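Open the model in a viewer and keep the sequence panel beside it. The stops below say what to select and what is there.

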Amino acid sequence: MRSGANVGQCAIYLEDSPAISMSDTLIIQSGDLNPFFLTIFLNTKHGKALIERGKYGSAQPHIAPPFLYQIPGPSWEHLQTEIEKTYLRSKELTELSKTRCAETQILLLSELGLADWQPKHTLAFATDYASMQRAERIDADYFQPKYEDIEKGIRNYSNGHTSIRNEFEQNTSIFEIEPEKLYRYVEIGSVNVSTGEIVEEEVLGKDLPANAKRVLKKGDIVISKVRTYRGAITVIQEDGYVGSGAFCVLRENGKIDKETLLACLRSKLFLTWSWKPNTGTSYPTLDDDDILDFPIPILPKEKQSGIKQNVDESFNLRKRAKDLLECAKRAVEIAIEQDEQTAIDWLASVSQVIDA
């Protein structure tokens, strides 16, 4: 990225892309410098320091493309090869993680008999005045038949259904901010909508936004209530985070485990239905009660165990992929600070442990 809040961030295209943002700079390989190695190098502390020197502007920082082209890059032939292998292995683990997520959805929807269900937007339909009074809504989209189809599909499940409210406790904790304490803050934009991965920010208490309200614990499920980040849903994997009040935060408290709820919430059923109870126009949101009242199937324990296994494996694969990239960055730093062979030996030893 050469402008904006994320200026200086670097990534590599592994697939063809028809276009890129005007705030990006596209670098095409024309020499011997390995693109995988270059990407990792620019994301190390040394690469970031070089990029930082070229930033200008305060409110909207920029980097001029000519400056980027002049950044010196080390050219260790053997280390470049090892970095590429590590990068591609990380990508492979990420794809396996996505596969496990897809298998989880297939398992869930097949159990419900809704594997082939597709949302259908009806152009003409009718409702009655009593229904409008009960819902206190007059907007047509709220009464789309596809939303009722989703709820009926879950309520007709042969093993029965319940609601999120009945099976999970809502975390409504509020903490007292210490101005000089460093917090690991998770906002709605910190959760990757596609993968559920969290990229938190480290923020001093005095700089935390007013909406930083929740103490997040390992095992909590966070659900974005804002339409822009609909689908930002994940399970917190470790203690030590504080979260935005724009999340609905839930904890296990019944016969449905958190992995099964996660599968339900990330399914096309919930993500489609979640457009129904939107309130607001310029900043549409869900209310906590709308989420808590959503029906969920009571899956048999063996089905929940299968979902849990897939979800746990997906998170584990994604963590290993992230760890490999961090090790690749550290290996480049070791080569800069010490020598190439030391970096190669270190990368081989830690990669073997992570990928065991």
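Begin with Arg-214, which stands opposite Gly-243 in strand 10. Strand 10 covers residues 241-244; helices (H or I, at least four residues) and strands (E, at least two) are DSSP runs, numbered from the N terminus. This is a predicted model, in which local features need pLDDT of at least 70, side-chain atom pairs count only at pLDDT 80 or more, and totals for chains, interfaces and linings use all residues. Residues are numbered from 1 along each chain as its sequence is written, and side-chain values use heavy atoms, with hydrogens and water left out.

Select strand 7 (residues 212-216) together with strand 10: the two pair in the antiparallel sense over four bridges. Two strands count as paired if DSSP finds at least two bridges between them. At Arg-184, look across to its bridge partner Tyr-241 in strand 10.

Which strand order does the open sheet have? The order is 6-5-10-7, with mixed pairing across the four strands. Colour strand 6 (201-204) and strand 7 as the edges, since each pairs on one side only. From one strand to the next, the twist averages 45°, an angle that runs from 0 to 180 degrees between N-to-C directions, with axes as lines fitted to C-alpha atoms, for helices over the stretch in contact.

Move to strand 8 (residues 221-224), where both faces are covered. Ile-221 and Ile-223 on one side, and Val-222 and Ser-224 on the other, are all buried, that is, under 20% relative accessible area, where over 50% is exposed and in between is partly exposed (1.4 Å probe, protein chains only). Strand 9 (residues 233-235) runs antiparallel to strand 8, with three bridges joining them; select Ile-223 and its bridge partner Ile-233 in strand 9. Strand 11 (residues 247-252) is also antiparallel to strand 8, through four bridges, and here Val-222 has Val-249 as its bridge partner.

**Two residues of helix 4**

Select helix 4 (residues 77-112) and find Ser-97 in it. Is Ser-97 buried or exposed? Ser-97 counts as buried because its relative accessibility is 3%. Leaving aside neighbours within four places in sequence, Ser-97 is in contact (heavy atoms within 4.5 Å) with Ser-314, Leu-317 and Arg-318.

Gln-105 is found in helix 4 too. At 18% relative accessibility, Gln-105 counts as buried. With neighbours within four places in sequence left aside, Gln-105 is in contact with Ala-263, Arg-266, Ser-267 and Lys-268.

**Helices 1 and 2**

Finish with helix 1 (residues 35-43) and helix 2 (residues 45-53), whose axes come within 4 Å and cross at roughly 75°. The two helices are therefore roughly perpendicular to each other; angles of 65 to 115 degrees count as such, under 35 as roughly parallel, over 145 as roughly antiparallel, and the rest as oblique. Show Phe-41, Leu-42 and Asn-43 of helix 1 against Lys-45, Gly-47, Lys-48, Leu-50 and Ile-51 of helix 2, which make the contact.
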